[in-house]
Amino acid sequence: MITVDIHDVKGRQQIFKYGRQQIFKVHLGRLKLARPVEYYSERLAALSPGMAGADIANICNEAALVAARHNKKSVDMVDFEQAIDRVIGGSEKKNRCGKLRGRRCVQVISPQERRTVAFHESGHAVVSWFSEFAEPLLK
């Protein structure tokens, strides 16, 4: 008879991080990177707890788009950080002023909505801070 012990939380985190690291290696191989693939795969796996393969592919694609928008020749860690923010939280909402000649700016997010979102997100941070097995806070 063969017995297999159940992994503790730390063991599960290591297994899932390793899996995400391998998935990142697959998707990073298609990009022109500023540093070796291994440099990014380990760091990005730590920054993306709970993400599936599709999320990881979206992060890599979005990072390439971010780098292209800034006319970069290769993708760097800053591009990946912006891509993770965009995949998790959606695109940044801004005021619409640039193309409205002679008209008032249209606010996409009201001050009240902005305040509500800030309280909501700070709640996530507080709960994560006091949770024993939560991933470390990054922002």
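Reader: What makes Tyr40 count as buried?

Author: Tyr40 has 0% relative accessibility, so Tyr40 counts as buried; the term means under 20% relative accessible area, with exposed over 50% and partly exposed in between (1.4 Å probe, protein chains only). This is a predicted model, in which local features need pLDDT of at least 70, side-chain atom pairs count only at pLDDT 80 or more, and totals for chains, interfaces and linings use all residues. Residues are numbered from 1 along each chain as its sequence is written, and side-chain values use heavy atoms, with hydrogens and water left out.

Reader: Why does Tyr39 count as partly exposed?

Author: Tyr39 has 22% relative accessibility, so Tyr39 counts as partly exposed.

Reader: What makes Tyr39 and Tyr40 an edge-to-face aromatic pair?

Author: Rings of Phe, Tyr and Trp (its six-membered ring) pair if their centres lie within 6.5 Å; planes under 30 degrees apart count as stacked, over 60 as edge-to-face and the rest as tilted. The Tyr39 and Tyr40 rings lie 5.0 Å centre to centre with 90° between the planes, and the pair is edge-to-face.

Reader: Why is the pair of Tyr40 and Phe80 called tilted?

Author: The ring centres of Tyr40 and Phe80 are 5.4 Å apart and the planes stand at 45°, so the pair is tilted. Tyr40 belongs to helix H2 (residues 37–47) and Phe80 to helix H4 (residues 77–89), so the pair ties together parts that are 40 residues apart in sequence. Tyr40 and Phe80 are both buried. Ring pairs link Tyr39, Tyr40 and Phe80 into a cluster.

Reader: How do you know that Arg35 lies over the face of Tyr39?

Author: A charge sits over a ring if NZ of Lys or CZ of Arg is within 6 Å of the ring centre and within 35 degrees of the ring normal. Arg35 lies over the face of Tyr39, at 4.3 Å from the ring centre.

Reader: How many helices and strands does the protein chain have?

Author: The protein chain has five helices and zero strands; helices (H or I, at least four residues) and strands (E, at least two) are DSSP runs, numbered from the N terminus.

Reader: What span does helix H3 reach, and what is expected?

Author: Helix H3 (residues 53–69) has 17 residues and reaches 24 Å from first C-alpha to last, close to the 24 Å expected at 1.5 Å a residue. The expected span is 1.5 Å times one less than the number of residues.

Reader: Which residues of H3 are buried?

Author: The buried residues of H3 include Ile56, Ile59, Cys60, Ala63 and Ala67. An α-helix has 3.6 residues a turn, so residues three or four places apart point the same way.
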